[in-house]
Amino acid sequence: MHIIKELRRKNGINQSDLASAIGVSLRTIQLYEKKDANIPIKNLTKIADFFDSTIAELYLQEVNEEDGIYTHKRVFSTHGNICHVLKNGKFLIEAPLLLADSHDTFLESVTNEKALERPVKCTFLIDYFDDGGYMAFEVIGDSMNDGSVHSIPNNALVLGVKIDKGNIFSDAEMKGFLNKAFMIVGQNRIICKQITGFNAKNQSLTCSSLNDSPEYRDFEISLADVVSIFRVVKRQF
């Protein structure tokens, strides 16, 4: 990414210092500064933090090699998402869509570390771009349907942003997560639930439904049985 080179020069940082700060070799930094560099998300996060920026802001800027002028990119891609930056400050996200009849195929792919072939994409308009990866899901069942404005009925489409399950019990990660909707990818099923409790001692999450029918009782799920977690940030019907 040429923007890394430009930020480094602007702040008087040499390649060796940046390499040392994020824990990689000088050669790695040289490779990262190429236009179409493939930078692991872990190291890209460290670079963004080093320059007091975000991954989204890094992708939003490109440096013209000929004149060294910053130009804002109106479209960028990350984590398999395509993001269109709109003039009103909003973002149009094209995210992979996991339809209900593809849940089993997806579970097989993530547990066996395989990639889905040519996923269908779904578009959502959002107010804020998160550095985590986005994925759209078709919800199965009415456990989150109570007829209220917060309902997520059967076959609704939701946009989720992936969160780091390893940090979910920390105070910073838990803030604002209680009683919010999540798509939880388990070992053998994908569910849409509210997380209403965090048990750090047992390493488990309490999952609840909006629908108060008897079949939708609260239950706990061990974090060890969770493959990934996506916080629901948008719904469409």
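These are my notebook entries on a predicted model, taken in the order I looked things up.

**Entry 1: confidence**

The average pLDDT for the protein is 84, and 88% of the residues score at least 70. The stretch I flagged is residues 64-69, where pLDDT stays under 50. For that stretch the model has six contacts beyond four places in sequence.

Next I went after the nonpolar residues. In soluble globular proteins, nonpolar side chains tend to be buried together. The largest nonpolar core here has 34 residues, and Met1, Ile4, Leu58 and Tyr134 touch the most other members. Strand 5 (residues 91-98) gives this core its largest share, four residues. I also noted a second, separate core of 18 residues, with Phe106, Ala156, Met183 and Phe230 among them.

I then picked out Leu58. What does Leu58 touch, not counting residues up to four places away in sequence? I listed Met1, Ile3, Leu7, Leu44, Ile47, Ala48 and Ser53.

**Entry 2: Ile191**

I looked up Ile191, which sits in strand 10 (residues 190-199). Is Ile191 buried or exposed? Its relative accessibility is 12%, and buried means under 20%, so Ile191 counts as buried. Setting aside residues up to four places away in sequence, Ile191 touches Phe182, Met183, Ile184 and Phe219. Met183 is a name I had already written down, as part of the second core. I also checked Ile191 against Ser143: they are 48 residues apart along the chain, and their C-alpha atoms are separated by 9.3 Å.

**Entry 3: His103**

His103 was next, and I found it in helix 6 (residues 103-111). Its relative accessibility is 5%, so I put His103 down as buried too. Which residues is His103 in contact with, leaving aside neighbours within four places in sequence? They are Leu98, Glu138, Ile140 and Ile190.

**Entry 4: the second largest pocket**

Last, I turned to empty space. Rolling a probe the size of a water molecule over the atoms shows where it is left. I looked at the second largest pocket, which has a volume of about 310 Å³. Two elements give two or more residues to its lining: strand 9 (180-186) and strand 13 (226-236). Strand 13 gives the most, with three residues.

I counted 13 lining residues for this pocket, and His150, Asn179, Lys180, Ala181 and Val232 lie nearest its centre. How does the lining of the second largest pocket split by class? I have six nonpolar, four polar and three charged residues.

Definitions and conventions
Residues numbered from 1 in each chain as written. Predicted model: local features only at pLDDT ≥ 70, side-chain atom pairs only at ≥ 80, totals over all residues. Heavy atoms only, no water. 1 Å grid on protein atoms, 1.4 Å probe; cavity = no way out; pocket = protein on both sides within 12 Å on 5 of 7 lines; lining within 4 Å. Points joined across faces, edges and corners; volume = space filled by probe spheres on them. Nonpolar A, V, L, I, M, F, W, Y, C, P; charged D, E, K, R; others polar. Core = buried A, V, L, I, M, F, W, Y, C linked by side-chain atoms within 4.5 Å. Buried < 20%, exposed > 50% of the residue type's maximum accessible area, 1.4 Å probe, protein only. Contact = heavy atoms within 4.5 Å. pLDDT = per-residue confidence, 0-100.
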